[in-house]
Amino acid sequence: MPDLAIAAQGLSKTYRLGFRARKVQALTRLDLSVAPGSIYGFVGPNGAGKSTTIKILVGLVRPSAGCATLFGRPVDDPRARLAVGYLPENPSFHDFMRPLEVLRYLGRLSGLSGAELDRRAEALLERVGLSGARDLTVRKFSKGMVQRLGLAQALVHDPPLLVLDEPMSGLDPIGRKEVRDLVVELARQGKTIFFSTHILSDVETICDRVGMLLHGQLVREGPLQALLDGSVRSVELRCAGLDEAAAAEVRALAAAGGPVPEGHAFTFPSIEAASAGAALTLGRGGRLLALQPQRETLEETFVRLARASGAPARDALAAGGRRAVG
Ligand SMILES: Nc1ncnc2c1ncn2[C@@H]1O[C@H](COP(=O)(O)OP(=O)(O)OP(=O)(O)O)[C@@H](O)[C@H]1O
């Protein structure tokens, strides 16, 4: 079996804060498996522990317990470091430099040089939509432009794995779509992308696997489709050709329902109940017009789990779980 792009077992992190070294439990026994070539969305509210996890993966923070590997190598192995491109949550660069200078400078730190580095820097500038800003110093860049430059620098040494902390933050809707498209294109070329976000629509659009982090713990993990498929809220059945007595029989199996212009519509609490309702409809001579599961969105799943965990339900994604222990 090929090595996982990211594997983490039992990652915990306790920070010590302030004069009295108050403990902040940022991560608790986190396990992660990210297959090569996948786009993995790491979602959670502010303070859930996403940046801490990412910093452990790129070797900037040491875990209090547990271990992590990139392509089978411990995260502190220099070969693991070379295999990863990292976009920090708030990238910042020497603001007197122009974007090509930034890319050449950081490329040299990764061991690149000469014409190959120049070619890569030019191509990346074009790719992240900054070639029109080549003559500006970074000081004149907007937040979105800095974010794009951050993405370009993460790619400069052509790593097989990209670890991106909130890559869409600070971008307008067009910029976000461009970054999403770039991520999908990179995955098509065989790269693995692990990114954190609290914008769930971005995750639903591009990810094939999702991990939901709350209070430093992974509360849900799996293929996006399984997370969505597992959460049918109700099933709507639309039918025609039932007389009032037959409609009343079907209604007795449903949670709600009644006449609509084309016949009757019923809402069932589960797929099983809807199947029974559909069988009865057919048995009474009715015709099925539609049988439509109403699925929970990723956002609704997340808010439900956040409520269950005691996080503020009002805005689980915007507020979040800053917790101190001890
Ligand atoms: N260097 C640090 N020292 C002390 N506490 C920290 C430190 N870094 C993070 N924390 C705390 O650890 C917890 C997790 O923070 P982290 O930044 O990993 O969360 P996050 O999910 O990335 O949040 P955000 O979306 O706001 O960036 C928070 O309670 C935070 O205050």
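Author: Six strands make an open sheet, in the order S6-S7-S8-S3-S9-S10, with mixed pairing. Direction ignored, neighbouring strands here are turned by 15 degrees against each other on average. The model is predicted: local features need pLDDT of at least 70, side-chain atom pairs count only at pLDDT 80 or more, and totals for chains, interfaces and linings use all residues. Residue numbers start from 1 along each chain as its sequence is written.

Reader: How many helices and strands does the chain have, by its secondary structure?

Author: There are 11 helices and 14 strands.

Reader: How do you know in which sense strand S3 and strand S9 pair?

Author: Pairing requires at least two bridges found by DSSP. Strand S3 (residues 39-43) and strand S9 (residues 209-214) share four, in the parallel sense. They therefore count as paired.

Reader: Which strands does helix H5 lie across?

Author: Helix H5 (residues 143-155) lies across S6 and strand S7 (161-165), at about 165 degrees to S6. Helix H11 (residues 298-309) also packs on the sheet, where it touches S3, S9 and S10 and makes about 30 degrees with the direction of S9. Such angles run from 0 to 180 degrees between N-to-C directions, with axes as lines fitted to C-alpha atoms, for helices over the stretch in contact.

Reader: What makes S12 and S14 edge strands?

Author: Their sheet is open, with four strands in the order S12-S13-S11-S14 and antiparallel pairing. Strand S12 (256-260) and strand S14 (287-295) have a single partner strand each, so one side of each lacks a neighbour in the sheet. From one strand to the next, the twist averages 15 degrees.

Reader: How many bridges join S12 and strand S13?

Author: S12 and strand S13 (residues 263-268) pair over five bridges, in the antiparallel sense. Gly 258 has Ala 265 as its bridge partner in S13. Helix H10 (residues 271-283) packs on this sheet, touching strand S11 (232-240), S13 and S14, and makes about 10 degrees with the direction of S11.

Reader: Why is Thr 267 called partly exposed?

Author: Count the C-beta atoms, placed from the backbone, within 10 Å of a residue's own: 20 or more others means buried, 12 or fewer exposed, and anything in between partly exposed. Thr 267 has 19, so it is partly exposed. Thr 267 sits in strand S13.

Reader: Which residues is Thr 267 in contact with, leaving aside its neighbours within four places in sequence?

Author: They are Ser 234, Glu 236, Ala 254, Ala 255, Ala 256 and Gly 257. Contact means that the C-beta atoms, placed from the backbone, lie within 7 Å. Thr 267 and Gln 294 are 27 residues apart in sequence, with 9.6 Å between their C-alpha atoms.

Reader: Which residues are closest to the ligand?

Author: Of the 14 residues around the ligand, the closest are Tyr 15, Ala 26, Asn 46, Ser 51 and Thr 52. Strand S1 (6-17), strand S2 (22-34) and helix H1 (50-57) each give two or more residues to this shell. H1 gives the most, with three.

Reader: Which members of the largest nonpolar core touch the most other members?

Author: Among its 63 residues, those are Val 43, Leu 57, Leu 124, Ala 152, Val 163, Ile 193 and Phe 194. H5 gives the most to this core, with six residues. Beyond its neighbours within four places in sequence, Leu 57 is in contact with Ile 6, Ala 68, Val 75 and Val 163. Another core lies apart, with 11 residues, including Ala 247, Phe 266, Phe 268 and Ala 278. A nonpolar core is a set of buried Ala, Val, Leu, Ile, Met, Phe, Trp, Tyr and Cys residues joined through C-beta atoms within 7 Å.

Reader: Which residues of helix H3 are buried?

Author: In helix H3 (residues 99-109) they are Pro 99, Val 102, Leu 103, Arg 104 and Gly 107. The buried residues of H3 pack against helix H4 (114-127) and H5. Just after H3, Gly 111 has a positive phi of about 95 degrees. Over the chain's 326 residues, 36% count as buried.

Note on methods:
Contact = placed C-beta atoms within 7 Å. Near = placed C-beta within 6 Å.
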